[in-house]
Amino acid sequence: MARAARAFTRVSPALVLFSTLALFSPAEAPAQKGFTKEYPATPNVRLFLINRSGTVEVIAWERAKVKVSARMESSSTRVVPQVSGDDVTIDVERENREDKGDVNFTIYVPAYSTVDIQTKRGNIIVRNVRGSVVRARVSTEGDIELTGIRAQMVVAENIMGNILFDAELLDGGTYELKSTQGDIQLRINADAGFRLTATAPRTRNIDVNGFAGRGQFEFFNDKRKVIGKVGNGGAKLNTTNTLGSISIAPRTR
């Protein structure tokens with residue numbers, strides 16, 4: 001019996017090690033896959049993307065191509081870009097009947113592309129796009145970051161999350177930013193001319209001091225709403241934040 005006990009003592013550390021490794025075996029680890037593909041594109045290509053969850057980052061470059069990189073949490077997730085004429089469409093919801101986890105995208109597009117991104121949950125980032133339209137919609141929770149934008153029409157909407165809008169406003173352009181809970185920061189060109197309607201019905205937290213010297217502003221409903229005109233008023237800027245703050249200031253670069 002003593003010899004058997006000593007033998008068990010010698011092998012038990014190995015058994016413990018084997019059991020520990022089995023807990024982290026590759027066969028039981030979450031499956032992941034990804035791909036990267038490039039597609040020829042016109043300078044004014046239109047990108048449409050519908051995602052369920054995950055981060056979507058779109059970056060403008062000076063090439064006549066669309067480059068799509070995707071990382072999928074589940075190996076069974078289908079991501080099938082459809083290319084037709086000037087349109088590149090990626091519809092994760094259509095290709096997958098059920099939610100299979102995050103799909104994270106990094107997409108490079110020609111600088112003058114139209115970009116239209118929708119997701120249920122996750123962050124949307126768009127950088128340096130100068131096309132006619134930029135849309136970013138998060139139907140539940142996620143931040144939206146639009147930087148270096150120069151577009152005639154911009155729409156950014158989420159429920160929970162921050163919105164950063166760093167852009168050059170154009171005469172005749174329309175810009176709408178809406179959130180329910182989070183902070184909205186607008187950093188726009190100092191020489192912009194625009195008409196502003198800003199509403200924060202619950203917090204009354206609207207800061208337009210960055211343009212106080214150039215614009216005329218009126219506060220209504222105990223500072224729940226601000227209407228104003230800056231410069232020639234050539235662009236239309238509407239922003240609403242139910243439970244968060246709104247800050248409007250000139251760009252620093």
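The structure is a predicted model, in which local features need pLDDT of at least 70 and side-chain atom pairs count only at pLDDT 80 or more, while totals for chains, interfaces and linings use all residues. Residues are numbered from 1 along each chain as its sequence is written, and side-chain values use heavy atoms, with hydrogens and water left out.

The salt-bridge partner of Glu 62 is Arg 130, with 3.3 Å between the closest N and O atoms. A salt bridge is a side-chain nitrogen of Lys or Arg within 4 Å of a carboxyl oxygen of Asp or Glu. This pair links distant parts of the chain, 68 residues apart: Glu 62 lies in the loop between strand 3 and strand 4 (65–72), and Arg 130 in the loop between strand 9 and strand 10. Arg 130 is partly exposed, at a relative accessible area of 28%.

## Further salt bridges

By the same rule, the count comes to 14 salt bridges. Side chains of opposite charge can pair when their charged atoms come close. Arg 127 forms a salt bridge with Glu 145, and the closest N and O atoms are 3.1 Å apart. Because Arg 127 lies in strand 9 and Glu 145 in strand 11 (residues 144–149), the pair ties together parts that are 18 residues apart in sequence. Arg 127 has a relative accessible area of 27% and is partly exposed; Glu 145, at 26% relative accessibility, also counts as partly exposed.

Another salt bridge joins the side chains of Arg 251 and Asp 166, at 2.9 Å from N to O. Here too distant parts of the chain are linked, since Arg 251 is in the segment after strand 21 and Asp 166 is in strand 13 (residues 163–167), 85 residues apart. Asp 166 is buried, with a relative accessible area of 5%.

## Strands and sheet order

The chain contains 2 helices and 21 strands; helices (H or I, at least four residues) and strands (E, at least two) are DSSP runs numbered from the N terminus. Ten of the strands are listed in an open sheet of 10 strands with mixed pairing, in the order 1-4-7-3-9-11-13-15-21-17. Strand 1 (33–40) and strand 17 (206–207) stand at the edges with a single partner strand each, so one side of each has no neighbour in the sheet.

Two strands pair if DSSP finds at least two bridges between them. Strand 3 (residues 56–61) and strand 9 (residues 124–127) run parallel and are joined by 4 bridges. Val 58 stands opposite Val 126 of strand 9.

## Strand 8 and Thr 114

Strand 8 has parallel pairings with strand 2 (residues 46–53), through 7 bridges, and with strand 10 (residues 133–141), through 6 bridges.

Thr 114 belongs to strand 8 (residues 114–121) and, at 11% relative accessibility, counts as buried. Leaving out residues up to four places away in sequence, Thr 114 touches Val 45, Arg 46, Leu 47, Ser 132 and Val 133, where contact means heavy atoms within 4.5 Å. The side chains of Thr 114 and Ser 132 are also joined by a polar contact of 3.2 Å. A polar contact is a pair of N or O atoms within 3.5 Å; within protein, one must be able to donate a hydrogen and the other to accept it, and residues adjacent in sequence count only if both atoms are side-chain atoms.

## Core and chain totals

Of the 253 residues of the chain, 42% count as buried. The largest nonpolar core has 61 residues, and those with the most contacts inside it are Phe 105, Ile 107, Leu 146, Phe 165 and Phe 194. Such a core is a set of buried Ala, Val, Leu, Ile, Met, Phe, Trp, Tyr and Cys residues joined through side-chain atoms within 4.5 Å. Not counting residues up to four places away in sequence, Phe 194 touches residues including Leu 169, Ile 188, Phe 211 and Leu 237.

Among contacts in the chain with a separation of 6 or more, 56% are between residues 24 or more positions apart.

Technical notes:
Buried means under 20% relative accessible area, exposed over 50%, partly exposed in between (1.4 Å probe, protein chains only).
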